[in-house]
Amino acid sequence: MLVLAQRGQTSDPYQTGGVQFEVIDINGDPALYAHNNSGDDVGLSYTLTQPEPATNTSVYQPLPKGGAYKCETDLQAFTDGQVFVAPNPTSTASTGGLARTLNFAVRGLTIGAVVQVVGGVKVSVTKDPTTGSFTAVIEATGTPKTLRAQVEATGPDGNVVRAVWDSSGSPSRPNIDTINLPLPAGVNLDPVVQLLQLYVDLDAPGLNAVTEERRSRVVYL
C-alpha cells in the first residue's frame, strides 16, 4: 500500500499525517486501529485503481481529532492501493453556511475513468480528441453540494497543472451538479494521470450526511 500525507510524513512507518496505525485493546478486544493524534480533524481516502479492466474503488473515512477506528478491513481491501491522509477543516462558506474541506488523491487514474471521492461526489479527467485539451470533471449529484474545488494533475514528467472553481463566481452558485474545469495546457496526461489531487469544499451538513455510517465507526480514546 502506498501511503500519502498532505503534511510531512514522519519517520515512523506506522504513522503518517498525524494518524497512528496501532493495535489498541478496548474492553479486552485488541484490534488494529487508525488513531488520530494530530490535534486536527482528518480524513483517510483509500483508493485502488486498475487499468484493465478500468475499475476504481475508493472509501473515505472521516477521523476527528482524538478518534480511532478499526482499520484492518480497509487496509486488507486496499493492500494494492493507497491511503491519503489529510486535514479536513471546517470554515464559513461564501454562501454563509458551514463548509468542510475534503482532500483527495489518487495515483494512476486512466483518462476518462471515474473515481468516487465520497458518497455523491465523483471526479475524472477527460481529453478532447480534437484539441488535445484536458478537463477535470467533478460530479456532485444530490448531497453534498460543491462550494469550491481545486484540482492538481501531475504528468509523467513530474510537471503539474492546476485549476480552481469557486461557486461564488458562478451564477448558479452551489447548485451545479457537474463542474467542468479546463486544465491549463503544457502537460500531457494521456493515457494515465500519474497523480490527481482534489481539494474540495463541500457543505458540511451534506458531507456529514453521506459519511454518517463511516463516522459511526469512530471511538474516542
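Modeller: We shall go from the whole chain to its cores, its strands and a few single residues.

Modeller: This is a predicted model, in which local features need pLDDT of at least 70 and side-chain atom pairs count only at pLDDT 80 or more, while totals for chains, interfaces and linings use all residues. Residues are numbered from 1 along each chain as its sequence is written, and side-chain values use heavy atoms, with hydrogens and water left out.

Biologist: How many helices and strands does the protein chain have?

Modeller: The protein chain has three helices and 18 strands. Both are DSSP runs numbered from the N terminus: helices are H or I with at least four residues, and strands are E with at least two.

Biologist: And what percentage of the residues is buried?

Modeller: Of the 221 residues, 46% count as buried. Buried means under 20% relative accessible area, exposed means over 50%, and partly exposed lies in between, with a 1.4 Å probe and protein chains only.

Biologist: Which residues have the most contacts inside the largest nonpolar core?

Modeller: They are L102, L183, L189, L196 and L198, in a core of 34 residues. A nonpolar core is a set of buried Ala, Val, Leu, Ile, Met, Phe, Trp, Tyr and Cys residues joined through side-chain atoms within 4.5 Å. The largest share of this core, five residues, comes from β17. A second, separate core has 14 residues, including A34, Y46, C71 and V85.

Biologist: Why would such residues gather?

Modeller: In soluble globular proteins, nonpolar side chains tend to be buried together.

Biologist: Back to L102, then. What does L102 touch?

Modeller: Leaving aside residues up to four places away in sequence, L102 touches Y60, V117, V118, L198, Y199, V200, L202 and L207. Contact here means heavy atoms within 4.5 Å.

Biologist: Let us turn to V85. Where is V85, and is it buried or exposed?

Modeller: V85 is in strand β8, residues 82-87, and V85 is buried, with a relative accessible area of 1%. In β8, six of its six residues are buried. Q82, F84 and A86 point one way from the strand, and V83, V85 and P87 point the other way.

Biologist: Why two ways?

Modeller: In a regular strand the side chains alternate between the two faces of the sheet.

Biologist: Which strand is joined to β8 by six bridges?

Modeller: Strand β5, residues 42-50, is joined to β8 by six bridges, and the two run antiparallel. Two strands pair if DSSP finds at least two bridges between them. L44 has V85 as its bridge partner in β8. The C-alpha atoms of V85 and V42 are separated by 6.9 Å, although these residues are 43 residues apart along the chain.

Biologist: What is the strand order in the open sheet of five strands?

Modeller: The order is β2-β3-β4-β7-β18, with antiparallel pairing. Its edge strands are β2 (15-16) and β18 (219-220), each of which pairs on one side only. Two bridges join β7 to β18, and A68 has V219 as its bridge partner in β18.

Biologist: Now the loops. Where is T211, and what does its side chain reach?

Modeller: T211 is in the loop between α2 (204-210) and α3 (212-215). Its side chain reaches the backbone oxygen of L207 at 2.7 Å. T211 counts as buried, at 3% relative accessibility.

Biologist: And S167: buried or exposed?

Modeller: S167 is buried, with a relative accessible area of 0%. S167 is in the loop between β15 (160-166) and β16 (178-182). A polar atom of its side chain lies 2.8 Å from the backbone oxygen of L147.

Key:
Polar contact = N/O pair within 3.5 Å; in protein donor to acceptor, adjacent residues only side chain to side chain.
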